[in-house]
Amino acid sequence: VIEAQPSESTGLRAMVGSKMPAILLLLLAPCIVAVQQRSEVRYASNPIRKVVTMLQDMQKKVTEEGKKEEELYHKFMCFCKTSGGDLDASIEAA
């Protein structure tokens, strides 16, 4: 009986194949970081981008405040409609 022993190249391929995603990640990580830093510098150094970002943030804030104000307005209108009878009764009593 002759046993087939795995060749060294097959063992090496299996070892590298199982670690390939980790190796790729280690090799590509500096590239990804460099691209991200370059885009951050480009946006940070561009004054027009700063203004546009500021305006977008202001738009979000104003929209949120508008929703809160609308909610408060509806509550106040409900209060005015329901408490009008009490006010009329107190004026007539006086």
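Student: What share of the 94 residues in the protein is buried?

Tutor: Buried residues make up 0% of the 94 residues, where buried means under 20% relative accessible area, exposed means over 50%, and partly exposed lies in between, with a 1.4 Å probe and protein chains only. This is a predicted model, in which local features need pLDDT of at least 70 and side-chain atom pairs count only at pLDDT 80 or more, while totals for chains, interfaces and linings use all residues. Residues are numbered from 1 along each chain as its sequence is written, and side-chain values use heavy atoms, leaving out hydrogens and water.

Student: How many helices and strands are there?

Tutor: The protein has 2 helices and 0 strands, taken as DSSP runs numbered from the N terminus, with at least four residues (H or I) for a helix and at least two (E) for a strand.

Student: Okay, new topic: how many disulfides does a search of the whole structure find?

Tutor: The search finds 0 disulfides, a disulfide being a pair of cysteine sulfur atoms within 2.5 Å.

Student: Where is Met 20?

Tutor: Met 20 lies in helix H1, which covers residues 8–45, and Met 20 is partly exposed at a relative accessible area of 34%.
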